[in-house]
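Hello,

Here is the structure I promised to pass on to you. Please open it alongside this email, and then read on for what turned up in it.

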Amino acid sequence: MLGVCYYPEHWPEERWAKDARRMRKMGISHVRIGEFAWSRLELERDCFDFAWLDRAMDTLANAGLKIVLGTPTATPPKWLVDAHPDILPYDEHGQVRGFGSRRHSTFSSRTWWRESARIVEKVSQRYGHHPGLVGWQTDNEYGCHDTTMSWGEEDRKAFAEWLRRRYQGIDQLNAAWGNVFWSMELRSFEDVALPCRTVTEPNPAARHDFWRFHSDQIADFDRMQCDILRKNSPGRWITHNFMGFISDFDHFKVGDNLDLASWDSYPIGFVEKFPFSEVERNRWAETSHPDIAAYHHDLYRSVGRGRFWVMEQQPGPVNWAKWNPVPKPGMVRLWTWEALAHGAEVVSYFRWRQADFAQEQHHAGLNLPGSDELSVGGREAAETARELADVGTLPDSRKTPVALVFDYPTHWATSIQPQGADFRYEELSFRWYEAIRRLGLDVDFVRPGGNLRGYKLVLVPCMMQVDEASLRALQDADGLVMLGPRSGSRDRHFRIPSGLPPGPLSALTGTRVTQVASLRPGLQDKVTGALSGAAIRWREYVEAATEMLAHFDNGDPALTRKENVFSLHCWPDETLLADMMHMLVQEAKLETVSLPAHVRLRRRGDLIFAFNYGPDSWSVPEGIRLILGSSEVAAQDLAIWRA
Amino acid sequence: MLGVCYYPEHWPEERWAKDARRMRKMGISHVRIGEFAWSRLELERDCFDFAWLDRAMDTLANAGLKIVLGTPTATPPKWLVDAHPDILPYDEHGQVRGFGSRRHSTFSSRTWWRESARIVEKVSQRYGHHPGLVGWQTDNEYGCHDTTMSWGEEDRKAFAEWLRRRYQGIDQLNAAWGNVFWSMELRSFEDVALPCRTVTEPNPAARHDFWRFHSDQIADFDRMQCDILRKNSPGRWITHNFMGFISDFDHFKVGDNLDLASWDSYPIGFVEKFPFSEVERNRWAETSHPDIAAYHHDLYRSVGRGRFWVMEQQPGPVNWAKWNPVPKPGMVRLWTWEALAHGAEVVSYFRWRQADFAQEQHHAGLNLPGSDELSVGGREAAETARELADVGTLPDSRKTPVALVFDYPTHWATSIQPQGADFRYEELSFRWYEAIRRLGLDVDFVRPGGNLRGYKLVLVPCMMQVDEASLRALQDADGLVMLGPRSGSRDRHFRIPSGLPPGPLSALTGTRVTQVASLRPGLQDKVTGALSGAAIRWREYVEAATEMLAHFDNGDPALTRKENVFSLHCWPDETLLADMMHMLVQEAKLETVSLPAHVRLRRRGDLIFAFNYGPDSWSVPEGIRLILGSSEVAAQDLAIWRA
Amino acid sequence: MLGVCYYPEHWPEERWAKDARRMRKMGISHVRIGEFAWSRLELERDCFDFAWLDRAMDTLANAGLKIVLGTPTATPPKWLVDAHPDILPYDEHGQVRGFGSRRHSTFSSRTWWRESARIVEKVSQRYGHHPGLVGWQTDNEYGCHDTTMSWGEEDRKAFAEWLRRRYQGIDQLNAAWGNVFWSMELRSFEDVALPCRTVTEPNPAARHDFWRFHSDQIADFDRMQCDILRKNSPGRWITHNFMGFISDFDHFKVGDNLDLASWDSYPIGFVEKFPFSEVERNRWAETSHPDIAAYHHDLYRSVGRGRFWVMEQQPGPVNWAKWNPVPKPGMVRLWTWEALAHGAEVVSYFRWRQADFAQEQHHAGLNLPGSDELSVGGREAAETARELADVGTLPDSRKTPVALVFDYPTHWATSIQPQGADFRYEELSFRWYEAIRRLGLDVDFVRPGGNLRGYKLVLVPCMMQVDEASLRALQDADGLVMLGPRSGSRDRHFRIPSGLPPGPLSALTGTRVTQVASLRPGLQDKVTGALSGAAIRWREYVEAATEMLAHFDNGDPALTRKENVFSLHCWPDETLLADMMHMLVQEAKLETVSLPAHVRLRRRGDLIFAFNYGPDSWSVPEGIRLILGSSEVAAQDLAIWRA
């Protein structure tokens with residue numbers, strides 16, 4: 001199903017009914033509203049104006065649209081931050097981040113919690129039973145614009161309290177962090193300082209705890225909103241719209257509060273954000289890389305425990321990347337179908353109409369700026385709606401053969417302590433995903449500790465801290481398990497595990513890591529044996545009391561195996577990574593299709609989808625029965641057939 | 001005529017008379033003094049010491065030199081900023097910019113206006129009727145070192161007042177800026193915040209108004225000085241010395257206060273400042289690019305309504321660029337003649353003698369550091385003076401066949417909202433200028449709304465906001481008009497115009513822009529038809545109800561024409577740009593000379609000048625009668641002949 | 001002899017005795033302790049706990065280890081900075097640098113001096129006569145993490161006082177700095193402002209004085225500690241462990257306080273820090289460049305007036321560079337032998353055991369993290385100890401044929417006023433050292449003003465300010481003297497010398513510099529004559545009343561000679577530099593060996609050492625008698641023979 005984001009407050013009331021009619025006519029069933037409207041709902045403290053939203057909700061509902069209402073906590077109004085400046089966040093350099101855009105609040109402020117609860121209470125009391133309302137969105141894009149963390153006095157105090165709960169006594173904290181090093185010992189929790197603005201790097205354990213603290217705060221803040229919404233609005237589901245490539249907080253924990261996950265899919269904008277090479281950036285500039293959207297779909301299907309939406313789908317060029325090309329014709333349709341193929345329940349475009357004012361005036365909508373005329377993206381959305389109607393209800397997604405374990409705290413750990421400037425966990429995880437997807441396989445994301453039974457192949461690109469649940473899940477895996485570098489290299493207190501890495505995993509792997517090397521660009525270590533290729537960026541020196549499948553030039557183990565568990569002791573270059581995946585799928589006896597760089601497959605129930613990001617066409621397998629498209633799939637086109 | 005900048009306060013009084021004699025002897029007629037001398041004129045508050053300057057003025061005048069006196073407001077003394085710290089400016093990060101160099105004041109401070117008026121009053125009362133005095137310079141290089149804007153509380157308050165005058169009511173401001181977006185609505189003008197230090201980008205409309213506000217302040221501050229000077233010093237002209245490649249404020253508005261414009265010409269320093277490629281930087285490192293000085297001469301001839309000086313001419317290496325090479329022999333002479341060819345009344349060197357102390361000790365002068373011995377540049381200046389005497393009085397400049405419309409607010413708009421990281425208006429404008437100059441044509445700069453009648457060809461590289469006067473001037477143009485990308489793409493409130501871009505220009509162009517794409521380096525869109533080449537950086541998607549002369553690969557219009565108005569819908573690469581200029585001059589039936597990259601021509605009255613930036617020699621046309629130089633113009637040499 | 005850095009406070013007391021035994025057994029004779037232990041020695045103000053250190057000292061001494069005790073002033077505890085926030089340093093942007101790592105104190109704070117004196121007094125009273133104690137280390141790595149300078153109010157006040165002592169009156173200061181320029185004149189020393197956060201660059205004379213002031217403070221602070229230690233601990237020597245490539249303060253002045261110098265040798269970490277090309281960085285990533293350690297050994301042999309240690313020797317990968325590779329097998333042994341060949345009395349590894357916690361958990365030790373098992377580096381150290389025992393006592397170092405004059409204030413001057421972005425004094429000095437070392441020659445560093453008699457060749461890559469002692473030393477040199485660019489280009493007040501550069505050196509050189517050019521990357525000036533090659537980065541325009549040996553393309557002098565003094569008037573490219581050194585050694589009649597890029601020789605008494613950084617093997621001269629190694633020296637190996 002299709003949806004759209006709409007801002008009745010942006011347009012004269014007399015246009016609402018026509019907008020709603022046109023939405024319905026083009027095949028849109030859902031509309032999200034309200035998430036930035038605080039200053040219109042509460043003009044001054046306790047001076048509420050719900051009349052306009054009453055009318056907007058009624059107008060939309062009367063047109064047959066199902067409404068998702070956002071809580072407006074991403075945009076605290078001027079009167080609120082003026083009355084309570086302790087709401088404002090601080091950047092890492094100690095500079096306050098002021099009013100004038102959005103997300104100018106810190107999750108550490110108790111005032112902010114109280115005020116957020118107040119407005120959520122009010123809005124949900126007012127609309128919780130509205131007949132047009134089907135669900136809620138909490139806030140908007142937690143963490144966007146680097147807002148997971150804040151570095152002010154409110155944050156210091158809340159962090160100290162969080163530490164008191166975690167460590168109970170200051171001696172325990174000093175011991176856990178190793179504060180004896182450099183005389184960093186604290187006398188009490190009042191002594192806790194922000195882990196920043198130090199002469200040289202602060203203690204990485206402090207920094208990791210600070211990150212975890214902020215991640216916890218977001219999950220708690222979200223739960224606070226969910227509790228109010230559930231109380232005041234029974235029978236409606238709750239979601240949050242996560243932003244892509246933001247791993248600053250643990251999405252799985254927020255997901256635990258929600259009925260379904262959703263995310264905001266800007267495939268082209270992300271090409272500038274992700275650390276692609278310049279060659280790749282130019283290649284995918286106008287279509288996006290074929291794994292960017294898919295990677296997130298699979299991640300959020302997991303965050304939503306099987307249920308997810310795309311809440312904001314890019315419908316044309318955006319305004320916020322360094323360069324903002326126009327998507328190639330067909331891409332809006334392709335992205336929409338691709339989301340559905342990965343299991344999305346609804347794909348909702350951002351936004352109905354391009355605003356001709358303010359920050360996002362260069363961000364496309366389904367309609368041209370200020371007008372009632374469909375844009376290119378709008379016309380593609382309408383075409384997709386027609387095709388969807390033809391194809392009918394899509395079957396449920398099934399469990400995939402491959403699991404990828406994604407671990408947010410590992411992103412924080414490797415960011416705090418990269419040890420080599422280009423050790424980027426998100427990139428490693430993405431490249432493993434890309435390599436397995438090039439073999440035509442579907443992937444489920446699994447959180448650490450999540451059930452891994454039933455997967456033929458479990459990929460763990462890196463998991464630095466392995467708690468008991470995660471260990472047990474890996475022990476219980478009944479398929480092959482592939483562990484990447486640095487796994488098990490820190491204990492729960494961010495120390496090197498006693499007995500050396502991989503710590504608790506060593507019984508599974510039969511290895512011990514005695515040294516690690518980070519390799520500057522241009523350096524590499526050749527790998528030969530069962531695999532060929534090279535280590536780049538990272539290489540471990542390992543003692544193995546188990547089978548060695550591949551080795552470095554000096555004979556040291558590069559790939560080891562103990563029963564069903566493989567360990568790779570480096571960051572693989574493209575050749576080595578592809579070789580590794582080939583070996584794994586053969587061992588796991590998985591049926592694969594070798595795909596070119598620009599084509600991907602995805603199954604949903606008994607349907608198989610092929611997506612062609614171009615530039616060359618691609619031929620579907622012989623003898624299949626097409627439901628959509630033709631046997632020669634053109635660039636920026638897709639095909640669907642029944643398995 | 002030639003002049004020189006002189007600092008009597010830097011040298012023992014017994015050297016002044018000899019300095020003055022030597023100036024006269026080498027052919028210098030004008031001397032600028034006093035613009036940094038506040039701490040010597042007012043030792044403490046109200047404790048003035050004019051005696052030394054009395055004697056210096058007399059000494060210079062007695063030697064026959066004509067004096068230009070600068071007001072000393074670029075260098076407020078320590079006692080002043082200590083007594084009134086509200087004078088100090090703030091950078092965009094909220095950091096105060098302190099005492100210890102120059103320009104440490106914000107135009108928003110009322111104290112600063114009062115104190116500036118006080119010292120200008122004092123100095124002009126004292127010297128307004130001095131027989132040696134011929135003119136005044138207000139302040140020094142407004143905006144230099146990023147000082148157009150300041151971001152402190154004084155600025156916030158003054159901005160709020162400026163907005164109150166502009167919008168009258170806060171509802172009008174909220175509507176104009178579209179503050180409903182992200183709940184940014186303000187309750188009153190007291191609510192106005194600085195448009196910076198926000199979580200993500202601030203409202204571009206706010207930012208553009210903030211820029212315009214600061215630009216207005218400079219023009220007003222300058223007018224305040226001019227009013228005092230005119231009152232106290234009748235019969236003397238007033239100028240300001242603008243700094244090259246600083247477009248942060250509207251020079252035309254400051255120019256309206258002045259009797260003539262002047263600018264500070266550092267052709268080699270600017271090579272490091274302008275976004276040239278590295279290949280170009282290396283090629284022109286020791287001569288400068290052959291359009292840098294000329295571009296500014298033509299700009300300031302317009303700012304000065306036909307009258308301009310070079311107030312500071314680079315006489316050798318400077319100290320402030322990233323690298324500071326020695327100019328090739330001959331360049332100081334060439335730059336001097338070139339300024340005169342473009343209509344300069346006086347070329348004044350910075351400075352008489354290289355100071356052996358303080359910030360600019362590595363900045364050359366006409367004399368070696370601390371000495372009475374001419375430097376290389378000094379010897380070239382003396383040679384030029386002799387040649388000037390030989391050639392005699394130069395005729396007046398004439399109207400040129402080509403006009404280039406330059407628009408400061410477009411620089412601000414594209415800086416605030418580049419949409420593609422390399423959309424730089426100053427660069428676009430410079431490249432258009434370069435391309436037409438390569439055809440041997442002279443160019444007048446025209447401000448938006450300025451009279452365009454009589455020009456065979458009018459170039460408008462970009463004009464984002466088109467007000468009524470600008471529109472009328474374009475309608476009235478009787479030559480060909482060439483409009484570049486993004487023209488007409490914002491209304492007066494920085495909104496996308498209703499009916500889409502080019503807004504008010506659409507009747508002239510017959511086009512409508514529905515989408516824009518910014519193209520990252522490496523991407524391009526091929527253009528074919530009447531022109532060949534490629535779009536880089538920027539491409540528009542246009543619907544044309546008029547003639548299409550060239551198109552992109554997908555058939556969309558790249559160049560359109562409606563009657564005398566051409567529209568280019570992209571940023572042209574070098575080939576496309578050259579091709580476009582060729583087409584235009586043919587259409588306009590202009591006589592051209594195809595020049596190599598290193599040679600330029602310029603006419604003044606019936607004289608034709610050729611300037612050769614090297615490295616190869618260039619042959620003048622056959623059959624002409626040379627007034628200066630030889631028919632084979634060597635590298636770093638020039639020739640003059642009569643038309 | 002070998003030593004090791006040990007942190008008893010990091011490990012349970014029951015492990016100390018075994019650690020000490022294992023140290024002795026592997027051939028370690030010295031142990032450094034205590035330098036970061038303040039928070040364990042003084043738990044709260046005046047609440048001391050020496051018991052644990054008593055026991056640690058006894059345990060180590062009883063095992064036969066000689067103890068070096070560090071004063072703990074690099075790590076002020078939390079209770080101290082909370083009670084006295086005036087201790088904290090400020091960065092150049094005005095931001096306080098807080099508690100949470102190390103070196104969070106400014107040398108300008110009187111409180112900090114008082115508190116430092118107090119703890120040094122306490123510790124030295126307690127342990128000054130301990131039988132195991134052989135020496136003291138003051139503080140730890142002065143200046144590390146950019147801590148030489150601080151930019152707060154305490155610093156401003158102390159700077160003003162320092163200036164009062166230096167200039168006596170404010171008129172003298174105004175005159176010296178040339179404050180008349182830009183009205184920067186001060187009324188009194190209270191007016192002195194920090195030379196930062198100005199609108200454009202501050203006065204370079206002020207900035208240079210500020211740097212010198214901070215350098216003086218470090219020498220004075222160190223002397224304060226030395227005075228206390230000498231009083232309380234007679235018969236023990238004192239050293240300080242300098243950090244490599246930190247030239248922010250004058251190490252010679254600190255060295256004057258000390259009995260011997262020591263330095264912290266991280267050869268691989270420095271590869272990322274020094275401005276090598278990327279090609280060089282990759283070539284030397286896993287061995288270090290063959291001159292990095294040697295350069296420092298020779299420098300600190302001079303700082304220590306003949307006596308030096310390596311206090312911290314890299315024993316494997318570190319944690320603090322951008323990339324941190326594992327050293328190639330053999331390098332830990334090679335670096336150890338190399339230090340000894342250059343005259344080190346002791347090479348002390350950092351650290352006994354890799355800590356499994358806190359900031360440096362990724363920094364190798366002689367033992368694996370938290371364990372009693374030798375690392376690769378530990379095993380190489382043990383092997384080296386055995387070899388050392390075989391070779392026996394090493395003879396004394398002898399005076400070398402070549403002297404290199406190194407001048408810290410020139411580093412400050414060229415950093416403040418590079419004039420070309422890549423004029424880096426440290427780099428110039430290093431490249432001259434490298435070029436002469438490629439000819440197999442040993443080098444002594446000599447401070448400005450140090451005795452140069454007896455050296456066949458004196459290299460002065462650059463000495464901007466030449467005081468009387470330096471001039472006299474150069475006049476007295478009886479070998480050849482080679483002066484590099486910019487020498488003599490500033491007087492003591494940071495002014496261009498009257499009579500132009502090289503100022504006081506002009507009688508020696510017979511030259512006068514009238515102009516200087518900095519050349520951007522890609523530009524060069526060809527040099528021909530007695531030398532061939534090119535000037536890059538920097539070129540001077542010189543008038544020579546003496547012999548010209550080589551010239552630039554325009555015929556100007558590039559290399560001049562007057563009697564025994566040569567002057568090079570540019571930054572030489574690699575070819576020109578090598579050519580210059582060849583010419584000089586021939587003129588000086590020095591016997592040389594042309595070495596490949598990866599091999600270096602060094603003599604100690606009658607022993608000759610060859611070090612091969614690889615990758616190719618190298619054959620020792622025929623007919624020599626090897627003491628260690630084989631005639632074909634493998635990569636990462638060494639050989640020793642008797643001369």
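**What was found**

Let me start with a strand pair in chain C: β26(C) is joined by 2 bridges to strand β28 (residues 637–642) of chain C, and the two run antiparallel. Within this pair, C:L628 stands opposite C:I640 in β28(C). Please keep in mind throughout that this is a predicted model.

**The antiparallel sheet around that pair**

β26(C) and β28(C) belong to an open sheet of 4 strands, which has the order β23-β24-β28-β26 (chain C) and antiparallel pairing. Which strands stand at the edges? They are β23 (599–604) and β26 (626–628) of chain C; each has a single partner strand, so one side of each is left without a neighbour in the sheet. On average, neighbouring strands here are turned by 30 degrees against each other, direction ignored. Strands of a sheet pair through backbone hydrogen bonds, either parallel or antiparallel.

**The parallel sheet**

Chain C has another open sheet, with 9 strands in the order β7-β6-β5-β2-β1-β11-β10-β9-β8 and parallel pairing. Its edge strands are β7 (237–239) and β8 (241–243) of chain C, each of which pairs on one side only.

For one of its pairings, look at strand β1 (residues 2–5) of chain C, which is linked by 3 bridges to strand β11 (residues 347–349) of chain C, the two running parallel. There, C:V4 has C:Y349 in β11(C) as its bridge partner. Helix α13 (residues 331–341) of chain C turns up again here: this helix packs on the sheet and touches β1, β10 (308–313) and β11 of chain C, its direction making about 150 degrees with that of β11(C). Elsewhere on the sheet, helix α5 (residues 110–127) of chain C lies across β5 (66–70) and β6 (133–137) of chain C, at about 170 degrees to β6(C).

**A hairpin and its other neighbour**

β17(C) and β18(C) make a hairpin, with 3 residues between them. Strand β17 (residues 525–529) of chain C pairs with β18(C) in the antiparallel sense over 3 bridges, and C:D525 stands opposite C:A535 in β18(C). β17(C) is also joined by 3 bridges to strand β19 (residues 547–552) of chain C, again antiparallel; C:T528 has C:H551 in β19(C) as its bridge partner.

**Where chain C meets chain B**

How many residues of chain C are in contact with chain B? There are 45, and they touch 55 residues of chain B. About 4,400 Å² is buried between the two chains, with carbon and sulfur atoms giving 54% of that area. In chain C, the residues that lose the most area to chain B are C:W182, C:V199 and C:R520, together 20% of what that side buries.

The interface also has 27 residue pairs in polar contact and 7 salt bridges. One of the salt bridges joins C:R187 to B:D82, with the closest N and O atoms 3.0 Å apart. β16 (511–518) and β18 (533–544) of chain C each supply at least two residues of the side that touches chain B, and β16(C) gives the largest share, 6 residues. That side of chain C divides into 20 nonpolar, 13 polar and 12 charged residues.

Key
Residues are numbered from 1 along each chain as its sequence is written. Chains are lettered from A and ligands numbered from 1 in the order in which they are written. This is a predicted model: local features need pLDDT of at least 70, side-chain atom pairs count only at pLDDT 80 or more; totals for chains, interfaces and linings use all residues. Side-chain values use heavy atoms; hydrogens and water are left out. Contact means heavy atoms within 4.5 Å. Buried area is the accessible area (1.4 Å probe) that two parts lose on being put together, summed over both. A salt bridge is a side-chain nitrogen of Lys or Arg within 4 Å of a carboxyl oxygen of Asp or Glu. A polar contact is a pair of N or O atoms within 3.5 Å; within protein, one must be able to donate a hydrogen and the other to accept it, and residues adjacent in sequence count only if both atoms are side-chain atoms. Ala, Val, Leu, Ile, Met, Phe, Trp, Tyr, Cys and Pro count as nonpolar, Asp, Glu, Lys and Arg as charged, and the others, Gly among them, as polar. Two strands pair if DSSP finds at least two bridges between them. Axes are lines fitted to C-alpha atoms, for helices over the stretch in contact, and angles run from 0 to 180 degrees between N-to-C directions.
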